[in-house]
Amino acid sequence: MMSSPPEFRAVYEAYFDFVWRSLRRLGVREADTMDLTQRVFLTVHLRLADFEGRSLLRTWLFGICQRMASDYRRSASVRREIVTETAELDSQRADEDGPLTIAESRQRAIRAESILSKLPEPQRVVFVLFELEDMSGDDIAALLDISVGTVRSRLRLARETFRREVKRLAAIESAGRREAV
Amino acid sequence: MTDPERLLSAAGGGDELERELLSSIRDVSPPYRAKSQAWDGIAGHLAAAAVVGAAGAHVAMSAPAGAAVKEAATVATPVVSGLLRAFTTKVVLGTVVAGSTVAAGASWVHHQQRPTVSTSVSDRKVVPAATHNPTAVLAPVNPPAVDVPCGSTLDAPPCPKVADAPSNRAAKQDPGQARLLAIESEMLTDARAQLRSGDPRGALAVLERLQVRSPKPILGQEREVLTIQALSALGQNETAKRRAKAFVAAYPNSPHTTQLRHIAEDP
């Protein structure tokens, strides 16, 4: 006998943090995460009665987050916002008089997000779930409904791209420091 | 075969810059009160959807739905309850609309207050939208037809016997209305995102397209609020003030009124 679908409020309470973090990991900007999180849960509210339990609830929720984040990244307003390396360097110079820790931390985050945005989405998802969410390969495979071998393959490719981009960033920063001297 | 070491771990083989970069984005937890604020918005949106469904007059409430509504009502926070009461005192509610009123992808959410997250735009370069004058065609929205107090006349629908709280059971409703609501919600979300990212012209362009697509909008109040906010952001203060005053006069008990009062009363 099939159990009744979980109540919406209970799902919300249990998975709000997970949905929020998932959207951020999937490339949604901090300023837009509140809106997207609410959209995810409105979709959950709409479809929860049809959830048949054939997958983990967490997997189902993550799938909704992926689709929302994918539409979000394709939207015109997000495409029109361009974070350029020039803008980042300008920001760095402007912040030279400010608290170095805060400015450096912010710059690092911008650069990190920029690098991650260059990863193909399947690789990005595996990379952030493994490296930042500390999920195991098995858990990631279950979440994304793929094989562990695929998880490891995507992780390897993502790491190669990540490292290549970090080296490129290091070269740019080094050139910038030489100019400043 | 076991998992590799993580780049952030000592044995992960990540160099200093790689670890710095990953550490800088490691914490993406929601800020304090984000959970309760998000819930307020969700409840508000579902209440608005309930108004739409009732106005469509094609809603049925099943017994399980009624039970779910009661449960939802009892667990609603005092803020949410207050929001729902304030928003629905003057609207028709023959029945409560369940989740299917919000069509897949419906996305506009009513905010009681701005979320605590903030973003710096100083390090972003925003490419402005195509230039045109979007303000000329955005006429004020006529008050929607649903503002009829329940039980006020013999023809008005009776007031609901259960709280107008969200339900998580599907209900029958006009599919055309649901689709229109989904489209409006999507476009309002897009407009709001543009406004937040510092592009009020882009927001007005979206609202203009919404007006063309939906001359008699379901979410008319929401559209008008965003229009007023975008006009204010553009510095068109006289127009924004005039429309804000008209809105407050037309909808004194609307939850949006709080947002607009400072524009309406600005000297």
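Guide: Start with contacts along the chain. In chain A, 65% of the contacts with a separation of 6 or more are between residues 24 or more positions apart. Keep in mind that this is a predicted model.

Visitor: Which secondary structure elements make up chain A, and in what pattern do they follow along the sequence?

Guide: Chain A has nine helices and one strand. Their order along the sequence is α-α-α-α-β-α-α-α-α-α.

Visitor: How many residues of chain A count as buried?

Guide: The cut-off for buried is under 20% relative accessible area. Of the 181 residues in chain A, 51% count as buried. The accessible surface of the chain is about 8,700 Å², and carbon and sulfur atoms contribute 52% of that area.

Visitor: At what angle do helices H3 and H8 of chain A pack?

Guide: For a pair of helices, read the angle together with the distance between the axes. H3(A), residues 57–74, and H8(A), residues 137–144, pack at about 70°, and their axes are 8 Å apart. Angles of 65 to 115 degrees count as roughly perpendicular, so H3(A) is roughly perpendicular to H8(A).

Visitor: Which residues make the contact?

Guide: From H3(A) come A:Arg58, A:Thr59, A:Phe62 and A:Gln66; from H8(A) come A:Ala142, A:Leu143 and A:Leu144. By class, the residues of this contact are four nonpolar, two polar and one charged.

Visitor: Where are A:Asp134 and A:Asp145 found?

Guide: A:Asp134 is in the loop between helix H7 (121–131) and H8 of chain A. A:Asp145 is in the loop between H8 and helix H9 (148–180) of that chain.

Visitor: Is A:Asp145 buried or exposed, and how does A:Asp134 count?

Guide: Exposed means over 50% relative accessible area. A:Asp145 is exposed because its value is 69%. A:Asp134 has 40% relative accessibility, so it counts as partly exposed.

Visitor: What span does helix H6 of chain B reach?

Guide: Compare the end-to-end distance with the expected span. H6(B), residues 200–213, has 14 residues and reaches 20 Å from first C-alpha to last, close to the 20 Å expected at 1.5 Å a residue. H6(B) is mostly covered, with ten of its 14 residues buried. Among them are B:Pro200, B:Leu204, B:Val206, B:Glu208 and B:Gln211.

Technical notes:
Residues numbered from 1 in each chain as written. Chains lettered and ligands numbered in written order. Predicted model: local features only at pLDDT ≥ 70, side-chain atom pairs only at ≥ 80, totals over all residues. Heavy atoms only, no water. Helix = DSSP H or I, 4+ residues; strand = E, 2+ residues; numbered from the N terminus. Expected span 1.5 Å × (residues − 1). Buried < 20%, exposed > 50% of the residue type's maximum accessible area, 1.4 Å probe, protein only. Axes fitted to C-alpha atoms, helices over the stretch in contact; angles between N-to-C directions. Parallel < 35°, antiparallel > 145°, perpendicular 65-115°, else oblique. Contact = heavy atoms within 4.5 Å. Nonpolar A, V, L, I, M, F, W, Y, C, P; charged D, E, K, R; others polar. Areas by Shrake-Rupley, 256 points an atom, 1.4 Å probe, with all protein chains shown as cover.
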